[in-house]
Amino acid sequence: IPAEQGKKLCDLIKAVPKQNTLMHGDYHTNNIMVQNGEPLLIDMDTLCMGHPVFELGSMFNAFIGYAELDHNVTMDFFGYTFEASERFWNMALKMYLGTDDEKVCESVAEKAMIIGYTRMMRRAIRRPEEADSPAKIARCKEMLSILLDKVDSLIF
């Protein structure tokens, strides 16, 4: 990304305060099971503490980011459609934030997307042998360019 946007991205991430919010680190529908009518989170190897924007960035990638260029990824991984995954993302975000306010959800989603696209681009750069890496890098650059022009803080 252009140097000015790269600096802004680094500054935004550095400005996120340390926070002791419990985070799953790999939250998506494949890591939820129901036992005796109770939902249980499984796959706790990425359990950590931190600011929720990082948890939401991972959730965005799981539900949307990794399948944006190929919606079949969602069907292959989750067993349901990309459209259903978009609904899960929106529902999870509203429940996480405790609000149905679309403006609040959109604002937080944009912050999460910055984290998500940054992580996805880093992964694609580190895995150049994967056939879709150049397309993923281009998509991440495009979206980060748009989002970095809109977002002045990752804090919510």
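Mentor: Start with Phe78, which counts as buried at 11% relative accessibility. This is a predicted model, so each value here is computed from predicted coordinates. The rings of Phe78 and Tyr80 have their centres 5.0 Å apart and their planes at 5°, so this pair is stacked. Tyr80 is also on the buried side of the cut-off, because its relative accessibility is 15% and buried means under 20%.

The other partner to look at is Phe77. The structure holds seven aromatic pairs. In the pair of Phe77 and Phe78, the ring centres are 4.9 Å apart, and the planes meet at 75°, so the arrangement is edge-to-face. Phe77 has a relative accessible area of 48%, and is therefore partly exposed.

Now the charged groups. Side chains of opposite charge can pair when their charged atoms come close. The structure has eight salt bridges. One of them joins Asp152 and Lys8, with N to O at 3.2 Å. Asp152 lies in the segment after helix 6 (133–150) and Lys8 in helix 1 (residues 3–14), so this contact ties together parts that are 144 residues apart in sequence. Asp152 is exposed, at 65% relative accessible area, whereas Lys8 is partly exposed, at 24%.

A second salt bridge is formed by Glu68 and Arg139, at 3.0 Å from N to O. Here too the pair links distant parts of the chain: Glu68 is in the loop between helix 2 (52–63) and helix 3 (72–78), Arg139 is in helix 6, and 71 residues separate them. Glu68 counts as buried, with a relative accessibility of 18%. Arg139 has a relative accessible area of 23%, which means that it is partly exposed. Both residues are part of a network of salt bridges that also takes in Glu142.

Finally, consider Glu130 and Arg127, whose closest N and O atoms are 3.5 Å apart in a salt bridge. Glu130 is partly exposed at 26% relative accessibility, and Arg127 is partly exposed at 33%.

Definitions and conventions: Residues are numbered from 1 along each chain as its sequence is written. This is a predicted model: local features need pLDDT of at least 70, side-chain atom pairs count only at pLDDT 80 or more; totals for chains, interfaces and linings use all residues. Side-chain values use heavy atoms; hydrogens and water are left out. A salt bridge is a side-chain nitrogen of Lys or Arg within 4 Å of a carboxyl oxygen of Asp or Glu. Helices (H or I, at least four residues) and strands (E, at least two) are DSSP runs, numbered from the N terminus. Buried means under 20% relative accessible area, exposed over 50%, partly exposed in between (1.4 Å probe, protein chains only). Rings of Phe, Tyr and Trp (its six-membered ring) pair if their centres lie within 6.5 Å; planes under 30 degrees apart count as stacked, over 60 as edge-to-face and the rest as tilted.
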